[in-house]
Amino acid sequence: MNTGQALVVFSHLRWNCVYQRPQQILSRLARNRRVFFIEEPKEESSGIEARWDLSSPVSNVTVMVPRLPAGKFVPGFGHPKLKRMIRTGLAAAGCTKPIVWTDTPSAVRLLEEAKPAMTVYDCMDALHGLREQEEQLLHVADLVFAGGPSLFRAKRGRHPEVHCVPSSVDVAHFREGVRTQEEDAVQAKIPYPRFGYFGVIDERMEVDLIRGLAAARPDWQIVLVGPVVKIDPGILPQADNIHYMGQQDYHRLPSFVKGWNVCLMPCAMNEATKLLSPVQVLEYMAAGKPIVSTPIRDVVEPYGHVVHLADSPEEFLRACKSALADSYAQESIRILDGNQIVANTSWDQTVSFLEAHLHRKLKEKQEVAMPQRPEAAVLTSSVAGLSAA
């Protein structure tokens, strides 16, 4: 039943790419409202008219991809035809006065085309080169949700309503999935021990750590699950013991994790990861696996007592050896600590928190916009006069 206000989302991510924060949150928000998920445009053949490519990956979610003709194609949300497309597309869908939600400042010039009842900025990452657009977005946003403690600290002084909403975890999906799913057939042919990573493979991954690990221990197998984006695949390390599995469906991830001895979080220590809060750490914990990570602040502060931390290739190698050699007692303590962490969070809890803020803010805006009755104005004036006397 659609009881909530429709949600129009502008995202720099593709719905059908890695299943992460937007899909986890929006699929749950869609349980009682329509969600229109507008992606960045894709280039169409020359001579073809601009059009919408529509799909519905889950109930109540409509993914809207602008298809724009080649020749004058503008990447991102900068194409001049987008304003009219959004107005007419949402009108055709019967979407009026929605909550507008964006995870990227690059869409700020388009938000008003949806005629929003309220505007939400879900700040998931530090998107560099968008400072001016982010300032504009912070000026018009009614609510700002920061996707981790570091992002919260960076944004809280720039807007009056910034709330820390870290990414969460579907514990049952990973815990039960590891227990019940058959291991991926291709991975099953790879020898042990296995060190695995799932997620996007991009500029935030420290590929030298992978290269050094593979070279130092050719008897160890490194399994990397996820699409390669925004980097030249030619820079990725190649070796007989490095296995690129490509993008896999979210529902099949446990079939890979169950066959890993150690899970990896090899984040680069640079500006791109300074405010990063990687969700995989919680997912690895839910699967009950030991984790080796670089010392990202949002990993060190909340999870440093559970995760093996290392920076350089030499330290990363030592940490992997240590994680692989955990005794039964060490493993039991780690699993207990990890279970306590993931027991305190879930995507359902996160969405309940978000729903409460959306409802509160909408009510506040409606009350401010409500015209005052004449008799109420007289009463207010009289009270003010008595107070002055």
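This is a predicted model: local features need pLDDT of at least 70, side-chain atom pairs count only at pLDDT 80 or more; totals for chains, interfaces and linings use all residues.
A cavity here is a set of points on a 1 Å grid over the protein atoms alone where a 1.4 Å probe fits but cannot get out, and lining residues have an atom within 4 Å of a point. The largest cavity has a volume of about 40 Å³, the volume being the space filled by probe spheres set on the points, which are joined across faces, edges and corners. Its lining includes Met285, Lys289, Ile291 and Arg334, and helix H11 (residues 328-343) supplies the largest share, four residues.

A few ground rules: residues are numbered from 1 along each chain as its sequence is written, and side-chain values use heavy atoms, leaving out hydrogens and water. Local features need pLDDT of at least 70 and side-chain atom pairs count only at pLDDT 80 or more, while totals for chains, interfaces and linings use all residues.

Now for the open space. The largest pocket (an open set of points with protein on both sides within 12 Å along at least five of seven lines) has a volume of about 1,100 Å³. Of its 48 lining residues, Leu13, Gln20, Val200, Asp202 and Arg204 lie nearest the centre. Strand E10 and helix H8 (280-286) are the elements that give two or more residues to this lining; helices (H or I, at least four residues) and strands (E, at least two) are DSSP runs, numbered from the N terminus.

E10 also belongs to an open sheet of six strands, with parallel pairing and the order E12-E11-E10-E13-E14-E15. Strands count as paired if DSSP finds at least two bridges between them. Strand E12 (242-246) and strand E15 (308-309) each have a single partner strand, so one side of each is left without a neighbour in the sheet. Helix H6 (residues 207-216) packs on this sheet, touching E11, E12 and E13, and its direction makes about 150° with that of E11. Contact means heavy atoms within 4.5 Å; axes are lines fitted to C-alpha atoms, for helices over the stretch in contact, with angles from 0 to 180 degrees between N-to-C directions. Helix H10 (residues 313-324) lies across E10, E13, E14 and E15, at about 170° to E14. Within the sheet, three bridges join E13 to E14, with Leu264 opposite Val292.

Elsewhere, strand E1 (residues 7-11) pairs in the parallel sense with E2 over five bridges. Val35, Phe37 and Glu39 point one way from E2, Phe36 and Ile38 the other, and all are buried (under 20% relative accessible area, with a 1.4 Å probe and protein chains only).

Terms used. Buried means under 20% relative accessible area, exposed over 50%, partly exposed in between (1.4 Å probe, protein chains only).
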